[in-house]
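Here's a friendly walk through one protein model. Have a look at the sequence and the 3D view, then read on.

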Amino acid sequence: MTTAPESQPASLQSWRIDADALRAALPQALQAWTLDLVEETGSTNADLTQACRQAPWSDAGTLRLAYRQTAGRGRQGRPWQGQAGLTFSVALPLALSPSRLSGLSLGVGLALAQALGDVEAALGARVGLKWPNDLQIDGRKLAGILIEAVPAGPQRVWAVIGIGLNLVRDAQMEVALGRELAGVAEAMPGFDAQRDATRLLAAVLARLGAMRDAFVAHGFAPMAAEWSARDAYRDQPVRLLHDGQVLAEGMARGVDGEGHLLLETPAGLERITSGELSLRPAGGAA
Ligand code: BTN
């Protein structure tokens with residue numbers, strides 16, 4: 001069933017992150033992180049990938065949040081033009097070879113879903129994961145994630161994690177993306193952007209910090225079972241598309257320890273690497 005976007009709450013026009021409250025809400029392990037909040041930029045991912053190329057290596061992450069992006073980037077070269085949500089990037093230093101990032105984007109999606117549940121259990125319960133790393137509610141996109149890696153040495157890589165999290169549905173963005181969207185507000189009773197945006201961001205940073213430590217120590221494998229349990233399409237027929245062409249069809253069976261999608265096809269169980277593929281429910285639009 002399709003539903004129309006809600007009208008935008010007036011409070012969404014003017015919300016701002018409370019920088020002091022954000023800092024105070026972060027766990028001790030994240031107190032050394034840089035928190036950078038700006039009114040407008042081209043793309044927070046572009047800003048941080050550029051900064052990481054020159055930055056001295058450090059164990060602390062950097063947040064860059066912009067209230068408006070003029071050249072926001074999405075996956076597969078698509079623009080990200082949303083103005084109705086949180087748009088931010090986190091540069092996470094990983095003491096790993098750049099060849100060991102398999103499954104990182106799924107770990108980020110899981111951390112984001114967990115964070116939403118930390119803030120509001122009812123919201124967490126409604127959020128599903130769509131391989132490789134979208135969050136959705138009832139089949140509508142709630143958040144997108146774009147990860148760019150900046151190698152910094154043999155066992156050092158910056159993962160620049162860009163997140164666009166919709167607070168409300170944005171009709172213009174639905175047209176631009178050609179997809180129905182969801183917003184946090186619809187699944188969070190009494191949502192107040194001025195109060196809740198800071199709480200959401202603090203929860204996301206805390207979960208990202210914990211995920212980083214777990215990922216560096218053990219990779220994605222210990223997260224695979226929880227990811228699969230939150231898979232919105234588990235045990236459903238799906239198609240994998242590239243440039244609108246169907247490349248594979250089968251039953252989605254969760255993910256393996258490296259974040260590959262397990263697809264049951266007539267030829268057997270296939271392991272799909274993410275690359276530039278998009279997943280759709282079988283019978284859905286390309
Ligand atoms: C997707 O296509 O689903 C990924 C969208 C990622 C958008 C975010 S918004 C903050 C960060 N800066 C960017 O330019 N892109 C990411």
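This is a predicted model: local features need pLDDT of at least 70, side-chain atom pairs count only at pLDDT 80 or more; totals for chains, interfaces and linings use all residues.

Residues are numbered from 1 along each chain as its sequence is written, and side-chain values use heavy atoms, with hydrogens and water left out.

**Around the ligand**

Let's start with the ligand, which has 20 residues around it; S43, Q69, R73, R75 and K141 come nearest. Being near here takes a heavy atom within 4 Å.

| Residue (backbone N or O atom) | Ligand atom | Distance |
|---|---|---|
| N45 | nitrogen | 3.5 Å |
| R73 | nitrogen | 2.7 Å |
| R75 | oxygen | 2.7 Å |

How much of the ligand does the protein bury? On its own the ligand exposes 420 Å², and the protein buries 99% of that (areas by the Shrake-Rupley method with a 1.4 Å probe). The elements giving two or more residues to this shell are α2 (44-54), β3 (85-94), β6 (140-153) and β7 (156-166). Of the shell, β6 gives the largest share, 4 residues. Helices (H or I, at least four residues) and strands (E, at least two) are DSSP runs, numbered from the N terminus. By type, the shell splits into 5 nonpolar, 11 polar and 4 charged residues, with Asp, Glu, Lys and Arg counted as charged and Gly among the polar ones.

Now for β10 (residues 261-265): 4 of its 5 residues are buried, meaning under 20% relative accessible area with a 1.4 Å probe, protein chains only. On one side, β10 pairs with β9 (residues 245-255) in the antiparallel sense over 3 bridges; pairing takes at least two DSSP bridges. There, A252 has L263 as its bridge partner. The two strands form a hairpin with 5 residues between them, and G259 in the turn has a positive phi of about 85°.

β10 also pairs with β11 (residues 268-272), again antiparallel, over 5 bridges. L262 stands opposite R271 in β11, and this hairpin has 2 residues between its strands.

**An aromatic pair**

The whole structure holds 2 aromatic pairs, counted when ring centres lie within 6.5 Å. In one of them, the rings of W15 and Y67 have centres 5.3 Å apart and planes at 70°, so the pair is edge-to-face (over 60 degrees; under 30 is stacked, the rest tilted). W15 lies in the segment before α1 (19-25) and Y67 in β2 (residues 62-69), so the pair ties together parts 52 residues apart in sequence. Both W15 and Y67 are buried.

How values were computed:
Buried means under 20% relative accessible area, exposed over 50%, partly exposed in between (1.4 Å probe, protein chains only). A polar contact is a pair of N or O atoms within 3.5 Å; within protein, one must be able to donate a hydrogen and the other to accept it, and residues adjacent in sequence count only if both atoms are side-chain atoms. Rings of Phe, Tyr and Trp (its six-membered ring) pair if their centres lie within 6.5 Å; planes under 30 degrees apart count as stacked, over 60 as edge-to-face and the rest as tilted.
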